[in-house]
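Dear colleague,

Please find below a structure for your study. I would ask you to look at it first and then read the notes that follow.

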Amino acid sequence: MRSRRWRRPTRWPPPSCTIYSAMICWLLYPTSLNAKEYLYFAFKMFAPSTYFKVVKNPAVAVSSLTLAVVITAFMGRELACLMVERGYFCVRRVAKFMNNLPANDDGFDPVSMRGYKYPVHFRICTEANVITIDQIWQCEGRLLLSSGSTTDHCCIGLKDVCLAYAMYQLLKRRYYGMARAEEHLDQTCDFVFKGLLHGTDDDYERAFRIVEVELGFCHDYFFTKHAIIFELETGFFILFVLRIILILVVAYFVWLNSLSVKTPTAIIEVHSRRADAIITVLVLVTVLLIELLQATFYMASDWCKVSVACRYVTGSWYQGNAFFEKLMGYLSRFTIFRHWKNRIDQYSVFSNPNAAHMAAASDLQAVKLAIVRSLRSCDGLPTNGKGSLRRNGVFAEFSWALQGQAQAEIMLVWHIATEHVNAKSENEEATELHRQVAVRLSRYCAYLMDSAPELLPGYFGDTKSAKCNVKEDVSKVSRSRRHGSQDPEDDGSILMTGVKLGKQLDGSVERWKVLADFWTEKILYVAPSDNVKAHMEGLANGGELLTHVWVLLTHAGIHKINREEGRHTTMASQPSQASV
């Protein structure tokens, strides 16, 4: 079941929290069952003349600690939900800021981010002191000069983390249904092709790492409290210090063996035992460890890195403090959690329904590199495979398999053809890389049609129905073969069309290169969509490679592709059964 974290079930504190807090206070101060006397005692207890006595009262420490924990937990949860519900007004400021950017006469440099005024940090209640990405990248402080783009696969520099956060700020506009003012500008396209994908093929990993961090921010925004803690950092820090102080005060009373409830009118005399003290200490240690663990998680998160970078850019004291620079540089190298599973699921229409698995990490690296190469080689927008066939000089031979069908049907035809070629071909070292890319992407697209059809173009019900029809045809053919029957003749079904295409590909020397280039372009072709909510919901389950490609294309200004071209055109002539 997918989590829907941003939908608040209630608008008022849960009744259980109110009831539990009232019961704890009533038990700690059982002066009487008379509400009037109870309120009088509470007022007298907090009178100015009794401040020092209040501090020495262990019941006050225990109740204050309980209320601080309950209020902080509830406040963080409710504010996080409210932030998403009312996020339109915050994102509108980002859209307004981007719409009102003045013309830049100095030009743009996507490598050094000169001229790119993408907002990194907007204060939650004001538009003053906006920090932009070019300010961070042009900062001459030693902390940011020594933590630029890194080639380390396990960590990412402070500059790139801030760049990912700025991209996250811009991406949220799509979730809230806002246009991107910079969508059709040349510098937007250059930002991806000459910035993120700048350099040789070996630098492709940096672009995907930045996108992964960006989607991590999206995950935390919808499913955790890190976003609201980031915006209200000072307030949450004060509450954290208060909770730590209260824990130490209660521990002090335990150490003095004076953790007892004293009331003006004794109801029943209770003597504490050694076991009570041990249990109390264990509870306090547990609470303290949880508090420290939560603080450690936030300090090691990308949110804290962005906060540190913003403070560093705007504060001259930070830039001149060698100890602070070394400490923050050390902390910025740590990342505890990554939200993406770093795997791509695999599925085949010829396999058992429960036989789905994930591709190895080494296969994923080859797939990413092939996708980047295909994106760079595209002349304009990605096509449904025509561009790759033309580049390989086989468009006239295989163009018939691209026309007159829905995208799901085309993908199924080529998936069946890929499986056919894979079953008939022997392992050849010269074509192993292309075979690996083609098979992995073919089975990944089949997995999307089976488990995440809402991420693909077209109606997801029709997509899943087409896949089920192919599975039924495969089952019929398998049963007929077990009974000794011959394979059915070409009846125009997706299965038989795919088999025909596979047989035709068997006769091509460059079959694996043709298939690999087709699938890399196809994944670029189906990625652009307006179903932002489906992509964000998928982050709760680890995310998809298609979402990473979707984000990359979004920042390149590729939001939509007209996929209706050729849908109703006359299908090109297919090769006859005899020629195959």
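Leaving aside its neighbours within four places in sequence, which residues is Trp-414 in contact with? In this predicted model, the partners of Trp-414 are Leu-389, Phe-398, Ala-401, Leu-402, Leu-501, Leu-505, Leu-515, Phe-518 and Trp-519.

Trp-414 also belongs to the largest nonpolar core, which has 141 residues. Together with Ile-133, Trp-414 has the most contacts inside that core. Helix α10 (residues 204–223) supplies the largest share of this core, 12 residues. Another core, of seven residues, lies apart from it and includes Leu-65, Ala-68, Leu-246 and Val-254. As general background, nonpolar side chains tend to be buried together in soluble globular proteins.

I turn next to the packing of helices. Helix α20 (residues 407–424) packs with α24 at an angle of about 155 degrees, and their axes are 11 Å apart. Because angles over 145 degrees count as roughly antiparallel, α20 is described as roughly antiparallel to α24. The crossing of α20 with α24 is left-handed. Trp-414 is among the α20 residues that make this contact, and Leu-515, Phe-518 and Trp-519 are among those of α24. By class, the contact of α20 with α24 has 10 nonpolar, four polar and two charged residues.

Helix α21 (residues 432–451) also packs with helix α24 (residues 511–526), here at an angle of about 40 degrees and with axes 8 Å apart. That angle makes α21 oblique to α24. α21 likewise passes α24 in a left-handed crossing. Leu-515 and Trp-519 are among the α24 residues in this contact, and Val-437 and Leu-441 are among those of α21.

Yours sincerely

Terms used. Residues numbered from 1 in each chain as written. Predicted model: local features only at pLDDT ≥ 70, side-chain atom pairs only at ≥ 80, totals over all residues. Heavy atoms only, no water. Core = buried A, V, L, I, M, F, W, Y, C linked by side-chain atoms within 4.5 Å. Buried < 20%, exposed > 50% of the residue type's maximum accessible area, 1.4 Å probe, protein only. Helix = DSSP H or I, 4+ residues; strand = E, 2+ residues; numbered from the N terminus. Contact = heavy atoms within 4.5 Å. Axes fitted to C-alpha atoms, helices over the stretch in contact; angles between N-to-C directions. Parallel < 35°, antiparallel > 145°, perpendicular 65-115°, else oblique. Left-handed = near helix turned anticlockwise from the far one by under 90°. Nonpolar A, V, L, I, M, F, W, Y, C, P; charged D, E, K, R; others polar.
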